Amino acid sequence: GRLNDTTQCDAIDTCYWNNASSSCTRDCESVFIRDECRNNNDCDWDDNHQTCETKCSVITTQEQCLASSKCVLEKIAGQNASVLCVTDPGIRFPTEQGCNANSQNDTIWNPDLQVCVQACSYR
């Protein structure tokens, strides 16, 4: 039957509780069909690897973030200093222009490596 609560759902390895739909949903990494992946706002389809991955912005633990090949931890300064999981700057901004024009101002262009990287204050 349907799982109607967070505890039952989270007890299953391949599922998570989707707050947006208030339902038990298959983990992005357990989805192998492109359209099913794209229909879940918590997931991103990787065309290169033909895999479904959890969006960095919805990852809640540092361990999950570090385990993802496309995510990095970002320190947010302020009174309640916290750490967010964000998409790697090199993926978010493949060009120098995009990297330098980033409104979040959390990235800088590395001219030696020709890649967008996290600004020092966010590492």
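**Entry 1**

I started with cysteine 65, which counts as buried at 0% relative accessibility. Buried here means under 20% relative accessible area, exposed means over 50%, and partly exposed lies in between (1.4 Å probe, protein chains only). This is a predicted model, where local features need pLDDT of at least 70 and side-chain atom pairs count only at pLDDT 80 or more, while totals for chains, interfaces and linings use all residues. Residues are numbered from 1 along each chain as its sequence is written, and side-chain values use heavy atoms, with hydrogens and water left out.

Which cysteine does cysteine 65 form a disulfide with? I found cysteine 85, with the two sulfur atoms 2.2 Å apart; a disulfide is a pair of cysteine sulfur atoms within 2.5 Å. The torsion about their S-S bond is about 90°, so this disulfide is right-handed. The pair links distant parts of the chain, 20 residues apart: cysteine 65 sits in helix H3 (residues 62-67) and cysteine 85 in strand S6 (residues 82-87). Helices (H or I, at least four residues) and strands (E, at least two) are DSSP runs, numbered from the N terminus. Cysteine 85 is buried too, with a relative accessible area of 11%.

**Entry 1: confidence**

I checked pLDDT next, the predictor's confidence in each residue, from 0 to 100. The chain has a mean of 86, and 93% of its residues reach 70 or more.

The whole structure has 6 disulfides. One of them joins cysteine 9 and cysteine 24, with sulfur atoms 2.1 Å apart. That link is right-handed, with 85° about the S-S bond. Cysteine 9 lies in helix H1 and cysteine 24 in strand S2, 15 residues apart, and the pair links distant parts of the chain. Cysteine 9 is buried at 0% relative accessibility, whereas cysteine 24 is partly exposed at 24%.

Then I went to cysteine 99 and cysteine 116, whose sulfur atoms are 2.1 Å apart in their disulfide. The torsion there is about 75°, so I wrote down right-handed again. Helix H5 (residues 96-100) holds cysteine 99 and strand S8 holds cysteine 116, 17 residues along. Both cysteines are buried.

**Entry 2: cysteines without a partner**

Counting bonded cysteines along the chain, I get the pattern 1-2, 3-5, 4-6, 7-9, 8-10, 11-12. Cysteine 15 is in no disulfide; the nearest cysteine sulfur belongs to cysteine 24, 4.2 Å away. Cysteine 120 is in no disulfide either, and the nearest sulfur, that of cysteine 99, is 12 Å away. Is cysteine 120 buried or exposed? It counts as exposed, at 59% relative accessibility, while cysteine 15 is buried at 19%.

Strands S1 (residues 15-18) and S2 (residues 23-26) pair in the antiparallel sense over 4 bridges; strands pair if DSSP finds at least two bridges between them. Cysteine 15 has arginine 26 in S2 as its bridge partner. This hairpin has 4 residues between its strands, and serine 22 takes a positive phi near 50°.

S7 (residues 107-110) and S8 (residues 115-118) also pair in the antiparallel sense, over 4 bridges. Isoleucine 108 stands opposite valine 117 in S8. In the turn of this hairpin, glutamine 114 has a positive phi of about 55°.
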